[in-house]
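The stops below are given in the order in which to select them.

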Amino acid sequence: MMPHSLESHWLGRIDYDAALRLQETTLAEIRSGACHGRLFLLEHEPVYTIGRTRDQSSLLAASLLPHPVREINRGGQATYHGPGQLVGYALIDLHHYGEDLHRYLRFLEQVVIDTIAAFGVTGERREGLTGVWVDERKIASIGVGVRHWVTMHGFGLNVLQDLSGFQSIIPCGIPGVQMTSIERETGSPLSVETVAGTASQIFTRSIASLRTPEHRQP
């Protein structure tokens with residue numbers, strides 16, 4: 001049976017815990033058949049997140065961090081979310097989209113690459129690393145969790161100039177990494193909501209490329 005079109009929602013600025021509860025609710029709806037998939041686009045109040053790993057050295061002195069820390073069910077080391085960053089949480093049933101997590105991660109990277117290209121920034125992948133880069137600078141982090149082939153979490157794309165939240169951690173566990181943003185690369189002011197609109201169009205248009213043959217339209 002063909003999955004319905006993915007719903008996309010702009011939520012504005014939202015607390016991390018509230019967004020996580022929304023993801024949990026949506027995941028349950030997808031598994032029950034009440035929902036066929038959603039993309040949530042938003043900004044967070046300042047927060048650090050890290051995957052469930054014994055090695056939490058990327059948080060440095062966790063007790064001294066200026067913002068709360070959340071340990072969550074995604075892969076990867078520490079990252080920062082806050083105002084000025086576009087966060088995309090994609091909840092889709094990969095039974096309809098190939099059941100291939102690595103292919104899905106590459107899809108998310110391409111969505112980000114295509115989104116920033118629309119604003120004049122050339123992004124690229126780096127061998128062995130998940131995320132999107134502009135030369136040697138990292139502009140977007142990607143981390144997902146999967147339960148029963150339903151995805152959670154997604155990407156964090158830096159839009160505005162202020163990246164100070166990253167200074168208290170080792171972003172993604174990569175020593176010496178330099179973070180950047182669309183505004184820093186272009187020198188032109190932007191709103192996160194404007195970038196969210198472009199990302200929504202690209203994501204919803206491109207998701208069909210992941211569908212398995214039996215779920216593609218004739």
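Start with cysteine 172, which is partly exposed because its relative accessible area is 22%, while the limit for a buried residue is under 20%. This is a predicted model. Cysteine 172 sits in the loop between S10 and strand S11 (178–179).

Next, show what surrounds this residue. Apart from neighbours within four places in sequence, cysteine 172 is in contact with Gln77, Ala78, Lys138 and Ser141.

Now select residues 47–51, which make up strand S3. Is S3 mostly covered, or mostly open? Five of its five residues are buried, so S3 counts as mostly covered under the cut-off of 20% relative accessible area. Show the side chains: Val47, Thr49 and Gly51 point one way from the strand, Tyr48 and Ile50 point the other way, and all are buried.

Together with S3 they form an open sheet of three strands, in the order S4-S3-S5, with mixed pairing. Strand S4 (69–72) and strand S5 (79–81) are at the edges; each has a single partner strand, so one side of each has no neighbour in the sheet. On average, neighbouring strands here are turned by 35 degrees against each other, direction ignored.

Look at each pairing in turn. Strands of a sheet pair through backbone hydrogen bonds, either parallel or antiparallel.

- S3 and S5 run antiparallel and are joined by three bridges. Select threonine 49 to find threonine 79 of S5 opposite, then valine 47, which stands opposite histidine 81 in S5.
- S3 and S4 run parallel, with four bridges between them. Select tyrosine 48, whose bridge partner in S4 is valine 69.

H1 lies across S3, S4 and S5, and runs at about 20 degrees to S4.

For the last stop, switch to a surface view and select tryptophan 149. Where is tryptophan 149 found? The residue is in the loop between strand S9 (137–147) and strand S10 (150–158). Tryptophan 149 is partly exposed because its relative accessible area is 31%, and partly exposed residues fall between the buried limit of 20% and the exposed limit of 50%.

Technical notes. Residues are numbered from 1 along each chain as its sequence is written. This is a predicted model: local features need pLDDT of at least 70, side-chain atom pairs count only at pLDDT 80 or more; totals for chains, interfaces and linings use all residues. Side-chain values use heavy atoms; hydrogens and water are left out. Two strands pair if DSSP finds at least two bridges between them. Helices (H or I, at least four residues) and strands (E, at least two) are DSSP runs, numbered from the N terminus. Axes are lines fitted to C-alpha atoms, for helices over the stretch in contact, and angles run from 0 to 180 degrees between N-to-C directions. Contact means heavy atoms within 4.5 Å. Buried means under 20% relative accessible area, exposed over 50%, partly exposed in between (1.4 Å probe, protein chains only).
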